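Trainee: I should like to learn how to read strands and helices in a model. May we begin with a structure in view?

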Number of protein chains: 2
Amino acid sequence: MGLDQDTWFTEVYDQEGSAFSLKIRAKLHEETTPYQHIEIYDTEHFGKLMIIDGCTMVSTRDNFLYHEMMSHPALFIHGNAKRVLIIGGGDCGTLREVLKHDSVTEAVQVEIDERVTRLAEKYFPELTSANDDPRARLEFVDGIRWVEECAVGYYDLIIIDSTDPAGPAEGLFGAPFYRSCHRALAEGGMLIQQSESPLYHLDLIEAMHTAMHEVGFDQTKLLCFPQCIYPSGWWSASMARKQGRIELPDNAEPTFETEYYNADILAAAMAEPNFVRRRIGSGGR
Amino acid sequence: MGLDQDTWFTEVYDQEGSAFSLKIRAKLHEETTPYQHIEIYDTEHFGKLMIIDGCTMVSTRDNFLYHEMMSHPALFIHGNAKRVLIIGGGDCGTLREVLKHDSVTEAVQVEIDERVTRLAEKYFPELTSANDDPRARLEFVDGIRWVEECAVGYYDLIIIDSTDPAGPAEGLFGAPFYRSCHRALAEGGMLIQQSESPLYHLDLIEAMHTAMHEVGFDQTKLLCFPQCIYPSGWWSASMARKQGRIELPDNAEPTFETEYYNADILAAAMAEPNFVRRRIGSGGR
């Protein structure tokens, strides 16, 4: 069955020969920024949909999975993160989740493309609802430079909530950037980065973990979770810790509202499928 | 971007306005059986692909997720299942996994459409590799009748590995069939049935669990796992137990080869996302 291009948005993931489509009612917006091409659609069943450079980024319906898993696991494992840096994350959904934690005194979102945030304010207002929190700070500058220039040992948690490792996000994957992050983190500090699909991108995931160890992180750990609109429908984030273990904490149950996350889900996300375990080692390495 | 119908197979999931496509090299086979329409494709990156009535059923690449999760969790939770009945499951992948358990003395696969198995033998020979096991028995008759007519309390485990609740599989969802299963199960016996997507089909899942309780099952429990080629990329199975609890067993680690399943993955699959917990209750009910 063919899909009518007027009523479906399709993301073709050519390197794995798969594609995912959502039925649309209308294209609400389209623009080319200095960094990327952004489209906003109104879909039939997924609410609003943001596309960047042809790739699905955020839908109203299923973004809770990604945003909760990019924030709560690392915050609960760390246990007392006060200063949090978000690189990318322009839709502000991760920032909103981070600010649900009372330990956090400062959450800086460094997104290179201000237009992503301005469009999120208009089309995904529920994601930007915490932007007025006095602990929140939004910067629209280069995240790589931000991390290079910040004070040594300043942050407790760095969240790399970026697009795929191509285009503006390419420099966020690999040893040079991880070295800057390691320097910017306090003792016991953590890094978490979206790391694509466990089914499709195990080579990339392995390379990321190797590079994280290479620059001095003590332990790394993969988190897996469903994400319907991303290639393969299954997604991951990779965590690394400076001087400390990545272990299930005694207290991982949220006192605030979530749609997906709870303490059992944290343990579930840390479970390694056998084919993953064989490649990146059991219990982190 | 549009998809060329000559080089892509697309399953449109109209009720949720999404579609999933795989790039194909060739259509290898197509036939209409007395029960359904079957197509076999050779894909670019997913190996062979079986389609029934327009819906993706099995791909070489990712069937390990589904088949391992339809078999090992229930077998390890039961702890000593000897007689296993598989309803549907004509590709024989679930049967192969069941036969990896030494406790199993008899595994009967009751598939209504013999052509599914004959095509699996040709195009997915790795899935049918255990069919010669002396404990295996293949029957090509109506599963509903099989369960109605079997001896009371005969089976330790019934696995309902069917297509979606429409067409030939419709009678496998709901209280009348579950009542037959309950009668056919021994004390402590278990039922596991594929139960569609946690993201898309929570109404169906809730109705299934309610019906399972209604006919006398003591406890039900949802298992969640990724399944790339099925709608939303996230899938589930629902378990029910006759006179007994559904709990993580002390011994759930396989002594045989698996690609996805291990004891941690069993615990992970049993973790309930918050939005699921609100609907079907924590820890089963």
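Mentor: We shall discuss a strand, its partners and a helix in this predicted model.

Trainee: How do the side chains of a strand lie relative to the faces of its sheet?

Mentor: In a regular strand, side chains alternate between the two faces of the sheet. Strand β4 of chain B, residues 48–52, has B:Lys48, B:Met50 and B:Ile52 on one side, and B:Leu49 and B:Ile51 on the other.

Trainee: Are the two faces of β4(B) covered or open?

Mentor: Both are covered; five of the five residues of the strand are buried.

Trainee: Which strands are joined to β4(B) by bridges?

Mentor: Strand β3 of chain B (residues 37–43) runs antiparallel to β4(B), with five bridges between them; B:Met50 is the bridge partner of B:Ile40. Strand β5 of chain B (residues 55–59) is also antiparallel to β4(B), through four bridges, and there B:Cys55 stands opposite B:Ile52.

Trainee: What is found in the turns of these hairpins?

Mentor: Four residues separate β3(B) from β4(B), and B:Gly47 has a positive phi near 70 degrees. Between β4(B) and β5(B) there are two residues, and B:Asp53 in that turn has a positive phi of about 50 degrees.

Trainee: How is the length of helix α1 of chain B checked?

Mentor: At 1.5 Å a residue, its 16 residues should span 22 Å, and the end C-alpha atoms are 23 Å apart, which agrees.

Trainee: Why is α1(B) described as largely enclosed?

Mentor: Because 16 of its 16 residues are buried, the rest of the structure largely encloses α1(B). After the helix comes B:Gly79, with a positive phi near 95 degrees.

Conventions. Residues numbered from 1 in each chain as written. Chains lettered and ligands numbered in written order. Predicted model: local features only at pLDDT ≥ 70, side-chain atom pairs only at ≥ 80, totals over all residues. Buried ≥ 20, exposed ≤ 12 C-beta atoms within 10 Å, placed from the backbone. Pairing = 2+ DSSP bridges. Expected span 1.5 Å × (residues − 1).
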